[in-house]
Amino acid sequence: MATYNPKSLLPEEFINDAEIRATIAYAEENKRNVELIDSLLQKARPQKTETGVTCSGLTHREASVLLACDIPEKIEEIYRIAEEIKLAFYGNRIVMFAPLYLSNYCVNGCVYCPYHLKNKHIARRKLTQDEVRAEVIALQDMGHKRLAIEAGEHPVENPIEYILECIKTIYSVNHKNGAIRRVNVNIAATTVENYRKLKEAGIGTYILFQETYHKESYLQLHPTGPKHDYDYHTTAMDRAMEGGIDDVGLGVLFGLELYKYEFAGLLMHAEHLEAVHGVGPHTISVPRIKRADDIDPNVFDNSIPDDIFEKIIACIRLAVPYTGMIISTRETEEVRRRALNRGISQISGASRTSVGGYTEEERPHDSEQFDVSDQRTLDEVVRWLMECGHIPSFCTACYREGRTGDRFMSLCKTGQILNCCHPNALMTLTEFLVDYASEETKAIGFKLIEEELKKIPNEKARAIAMQNVEDIKNSNRRDFRF
Ligand code: SAM
């Protein structure tokens, strides 16, 4: 039997089934062990240092105890600490992005996804480069600066060359004052050589959801196609990092398997990346399964209620304090509002999950990947975020300034984010307001920016940021960054 070893490159050793089961049992035994829970909460709390704030995070075992804990006051404490951590490292900024579906051709048999090969009634589409350009213009005209490109797995229709060509096209489009400055990529597990090509194409984060860490279930949920290979899928991030990609994004599709199993597996994956590559995941996404063409989410009997979902988010926040956390438009406005206070740092807005969806007047449903619950416009989402006390940020500076991987983490750890990310968020929000926002959103936004500029601690950085905000308002100069 395989033994647990986070440093191993063998999936059965770093995502070790016996260790996950032992973790769940340990968490169950200790879920009302107040002394232990208090010590874990104390360990998770941000601590002040001479150079800033630091957080030690929690191991998968420790975080699993908190996830299992059912004492109401302790859960409230978990939520308070999650928010404290979020504010300490990410401030009140929320990074905005949108998905861009390139192609829904797929050779896999994933039973929860409408793009599965056997689905004959979904419209199959693949964008031409002209169509990519049109979609990007539509996204730029909303105000988006950061995309996550999505595609099914199809070696003939969507080979890596096609993905690379699309990335090139996306970066080449500048409509009015618009630009896509960061392209994250969510495509199937691939080779080191292909990851190297993606890196050379200037991608931001490589995102790949594990779907489930439970191997037996994984094999059943992915009965056919290259994605059936659990080991190849589970080691994708190791290959991505070997190919030079510093920023990788993990996630599971909640609802497929028991959430306690997925939670431990996810954190073990993060620990593995840290142990082997010296840097943990850049982001963790928390998608939940949704209705889609040919897919009824009710057939998956592990769906999780909103309160457990909220607790999962908060416990991830405590376990991996420096990792960004993403919530998509799969979730409703209300669930997103609560999740934002539990540690989420990135959200999508005005998403269309169909191929070619952004250039259609009406939201198309025929090639959609899943139902979108939050269907508000980007302007509405931005205004709502500000009304809820957050600063929507369209910043893409870090990776363009080479602050990826452990360099990004050290920025986080030394508390320099207030002199760097905060002004960048305010400057990019100014761009959004000037170029794309409604009058109502502008009024709220400019007032907020004026107040927030005063909070930049470094005098020089504050003066520069104030000047740049004025320049953006009074000219077509854009893309200032620290
Ligand atoms: N095809 C790529 C792969 O195999 O990883 C990734 C792109 S896929 C468009 C993005 C993600 O959508 C999948 O990894 C899956 O977790 C999620 N997804 C698929 N079907 C879904 C559904 N019915 N509801 C919610 N999310 C779904």
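I call a residue buried if 20 or more other C-beta atoms lie within 10 Å of its own, exposed if 12 or fewer, and partly exposed in between, with C-beta atoms placed from the backbone. The model is predicted, so I note that local features need pLDDT of at least 70 and side-chain atom pairs pLDDT 80 or more, while totals for chains, interfaces and linings use all residues. Residues are numbered from 1 along each chain as its sequence is written.

**Entry: Leu117**

I found Leu117 in the loop between strand S3 (93-103) and helix H6 (129-142); helices (H or I, at least four residues) and strands (E, at least two) are DSSP runs, numbered from the N terminus. Cys106 is eleven residues from Leu117 in sequence, and their C-alpha atoms are 5.9 Å apart. Leaving out residues up to four places away in sequence, Leu117 touches Cys106, Val107, Asn108, Gly109, Thr224 and Gly225. Contact here means C-beta atoms, placed from the backbone, within 7 Å.

**Entry: positive phi**

Most residues other than glycine have a negative phi. I noted Lys176, which is not a glycine and has a positive phi of about 50°. Lys176 sits in the loop between helix H7 (160-172) and strand S5 (182-186). Lys176 counts as exposed because it has 11 C-beta neighbours inside 10 Å. I also noted Asp294, with a positive phi near 75°. Asp294 lies in the loop between strand S8 (283-285) and helix H13 (306-319). Asp294 has 15 C-beta neighbours inside 10 Å and therefore counts as partly exposed.

**Entry: the core**

I read a nonpolar core as a set of buried Ala, Val, Leu, Ile, Met, Phe, Trp, Tyr and Cys residues joined through C-beta atoms within 7 Å. The largest one has 142 residues, and Leu66, Leu147, Tyr206, Cys315 and Leu318 have the most contacts inside it. Helix H18 (residues 417-436) gives the largest share of this core, ten residues. Which residues does Leu318 contact, leaving aside neighbours within four places in sequence? I list Ala44, Leu58, Ala63, Leu66, Ile78, Ile81, Ala82 and Ile85.

**Entry: H3 and H4**

I checked where these two helices meet. Leu36, Ile37 and Leu40 in H3 are in contact with Glu62, Val65 and Leu66 in H4.

**Entry: the ligand**

I counted 21 residues around the ligand, the closest being Cys113, Phe209, Leu253, Lys290 and Phe370.

Key:
Near = placed C-beta within 6 Å.
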